[in-house]
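Here's a quick tour of a protein model, written for someone just getting started. Have a look at the structure below, then read on.

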Amino acid sequence: ISTNSGLWRYIIGDCVRFTSVAPYKIQITGRTKQFINVFGEELMVENVERALAEVCKDFDVMVRDYTVAPVFLEGENKGGHEWLIEFKEPPIDLNGFIDKLDLALKAVNSDYEAKRCKDLILEAPKVHIASKGLFFNWMRTRGKLGGQNKVPRLSNKRVYLDELLSMNS
């Protein structure tokens, strides 16, 4: 989006934030299709990116790719979020990483915090470590390699996560 004509032909679907109005400057903060709001937590990509960046800095780790999907209410089980993260090198203390991630998500999203209060509706996140190259291989099998194709970060459905978990070794 470098000219007016580029803006006019731009495909709608990104969330943007104005960083300046003189001159107008925008930052793409996520996709309108990528969010989780199964329990009223209104978790957006921007929330997740901010929280994940903070926790990665604290644990001195780097995330290559990730995806998140809901864990649906079933019987007596509460809902939650299930993560699959491919790290460059995983954190030594995964449970500590999960605890900090949960706290960081609460700090950036009050709706998430409300749903996590005393595990009333949402349980703590479940995090799986992805094998090296999992996301790349998954995108290749889907015919989605290239700069215009992105790994879906958040989804209200479990389709992507379940496919990836079945491929994870």
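This is a predicted model: local features need pLDDT of at least 70, side-chain atom pairs count only at pLDDT 80 or more; totals for chains, interfaces and linings use all residues.

Residues are numbered from 1 along each chain as its sequence is written, and side-chain values use heavy atoms, with hydrogens and water left out.

**Salt bridges**

- Side chains of opposite charge can pair when their charged atoms come close.
- A search of the whole structure turns up seven salt bridges (a side-chain nitrogen of Lys or Arg within 4 Å of a carboxyl oxygen of Asp or Glu).
- D58 has a salt bridge with K100, at 3.9 Å from N to O.
- That pair links distant parts of the chain, with K100 in helix 3 (residues 94-108) and D58 in helix 2, 42 residues apart (helices are DSSP runs of H or I with at least four residues, strands are runs of E with at least two, and both are numbered from the N terminus).
- K100 is partly exposed too, with a relative accessible area of 38%.
- R153 and D65 meet in a salt bridge at 2.9 Å, N to O.
- This pair also links distant parts of the chain: R153 sits in the loop between helix 5 and helix 6, D65 is in strand 5, and they are 88 residues apart.
- Are these two buried or exposed? R153 is buried at 19% relative accessible area, and D65 is buried at 18%.
- R158 and D162 form a salt bridge at 3.0 Å, N to O; R158 counts as buried at 18% relative accessibility, while D162 counts as partly exposed at 37%.
- D102, K106, R116 and D119 are linked in a network of salt bridges.

**The sheet and its helices**

- Three strands make an open sheet in the order 5-6-7, with mixed pairing (two strands pair if DSSP finds at least two bridges between them).
- Strand 5 (63-71) and strand 7 (126-129) are at the edges with a single partner strand each, so one side of each has no neighbour in the sheet.
- From one strand to the next, the twist averages 20°.
- Strand 5 pairs with strand 6 (residues 80-87) in the antiparallel sense, over eight bridges.
- A69 has E82 in strand 6 as its bridge partner.
- Helix 5 (residues 134-141) packs on the sheet and touches strand 5 and strand 6 (contact means heavy atoms within 4.5 Å).
- The direction of helix 5 makes about 100° with that of strand 6 (axes are lines fitted to C-alpha atoms, for helices over the stretch in contact, and angles run from 0 to 180 degrees between N-to-C directions).
- Helix 6 (residues 159-167) lies across strand 5, strand 6 and strand 7, at about 50° to strand 6.

- N47 lies in helix 2 (residues 45-59) and counts as buried at 10% relative accessibility.
- Which residues does N47 touch, leaving aside its neighbours within four places in sequence? They are E42, L105, V108 and N109.
- Y24 is found in strand 2 and counts as exposed at 64% relative accessibility.

Note on methods: Buried means under 20% relative accessible area, exposed over 50%, partly exposed in between (1.4 Å probe, protein chains only).
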